[in-house]
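Dear colleague,

Please find below the structure that I am handing over to you.

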Amino acid sequence: MLKLFLPNEQVNSILEIKSEHLVQQGIKAIITDLDNTLVAWDRPDATPELLDWFNKMRDAGIKVLIVSNNNRNRVSSFSTPLELPYIFEARKPLGRAFRKAIKLLNVQKSETVMIGDQLLTDVFGGNRSGIHTILVIPIAATDGFWTRINRKIERQLMNFFRRKGMIQWEERQ
């Protein structure tokens, strides 16, 4: 059961994820979280570096869809100018949003990767849905109320995984 909280991969930033690597793995689509994965939770717009990353994914033929637990206004105001499809109030880690995303992207689970900054929502939900998961280190050091609670649980899980030799990376302090 605990292995469902263990990501398949971990990177410091979404910008480290290269389209060439994903294409080599047969990935055709990305489901990504928004807040603290793509941009800080309190930043309204994409950075120039993130815009470049989106363009590289599009050029490689990789579809991107945002799945966020945040509200319609937040997710729409970020996604619409970028012409990115999105699902808001997703209720991750429940599987409904992941199934909907796969259907909207018109891909197989095996052709999809879930990228997010939280073990309890993004990684757990992606793993339960049979999707390859990549954990990114949160962009901002601050979080909303519920995320702060999740982070405490995540620290305990990460310490357990580290003690058992199940992870080989170090968290940024």
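When neighbours within four places in sequence are set aside, L50 is in contact with I14, L15, L38, V39 and F78, contact meaning heavy atoms within 4.5 Å. L50 is also one of the residues with the most contacts inside the largest nonpolar core, together with I30 and F78; this core has 25 residues. A nonpolar core is here a set of buried Ala, Val, Leu, Ile, Met, Phe, Trp, Tyr and Cys residues joined through side-chain atoms within 4.5 Å. Buried stands for under 20% relative accessible area, exposed for over 50%, and partly exposed for values in between, with a 1.4 Å probe and protein chains only. Two or more residues of the core come from each of α2 (48–59), β3 (63–67), α3 (72–79), β5 (112–116) and β6 (132–136). Of these, α2 gives the largest share, 4 residues. Another core, of 14 residues, lies apart from this one and includes A29, F98, I102 and M114.

The model is predicted, and local features need pLDDT of at least 70, side-chain atom pairs count only at pLDDT 80 or more, and totals for chains, interfaces and linings use all residues. Residues are numbered from 1 along each chain as its sequence is written, and side-chain values use heavy atoms, with hydrogens and water left out. Helices (H or I, at least four residues) and strands (E, at least two) are DSSP runs, numbered from the N terminus.

**The sheet**

The 6 strands form an open sheet in the order β1-β6-β5-β2-β3-β4, with parallel pairing; two strands pair if DSSP finds at least two bridges between them. At the edges are β1 (9–11) and β4, each of which pairs on one side only. Strands of a sheet pair through backbone hydrogen bonds, either parallel or antiparallel.

Strand β2 (residues 29–32) is joined to β5 by 4 bridges, and the two run parallel. Within that pairing, A29 has T112 in β5 as its bridge partner. The pairing of β2 with β3 is likewise parallel, over 4 bridges, and here I30 is partnered by V64 in β3. The chain passes from β2 through α2 to β3 in a right-handed β-α-β crossover. Right-handed means that, with the strands pointing away from the viewer, the path from the first strand over the helix to the second runs clockwise.

As for β3, 4 of its 5 residues are buried. Strand β4 (residues 86–87) runs parallel to β3 and is joined to it by 2 bridges, with I66 opposite Y86 in β4. The β-α-β crossover from β3 through α3 to β4 is right-handed too.

**Helix α4**

Helix α4 (residues 96–105) has A97, F98, A101, I102 and L105 as its buried residues. Seen down the axis of α4, these fall within an arc of 140°, so they line one face of the helix; the arc is that of the directions from the helix axis to the C-beta atoms. Among the elements that cover them are β2, β3, β4, β5 and α5. The face turned away from the buried side carries the exposed residues R96, R99, K103 and L104. Just after α4, N106 takes a positive phi of about 60°.

**S129**

S129 is found in the loop between α5 (119–128) and β6. Its relative accessibility is 11%, so S129 counts as buried. The side chain of S129 reaches the backbone oxygen of G125 at 2.9 Å. Residues up to four places away in sequence not being counted, S129 touches G95, F98 and K109.

**Backbone geometry in the loops**

Most residues other than glycine have a negative phi, and most peptide bonds are trans. The following sites depart from that pattern.

- N36, in the loop between β2 and α2, has a positive phi near 70°. N36 is buried, with a relative accessible area of 2%.
- R91, in the loop between β4 and α4, has a positive phi of about 60°. R91 counts as exposed, at 60% relative accessibility.
- P93, in the loop between β4 and α4, is joined to K92 by a cis peptide bond with omega of about 20°.

With kind regards

Definitions and conventions
Polar contact = N/O pair within 3.5 Å; in protein donor to acceptor, adjacent residues only side chain to side chain.
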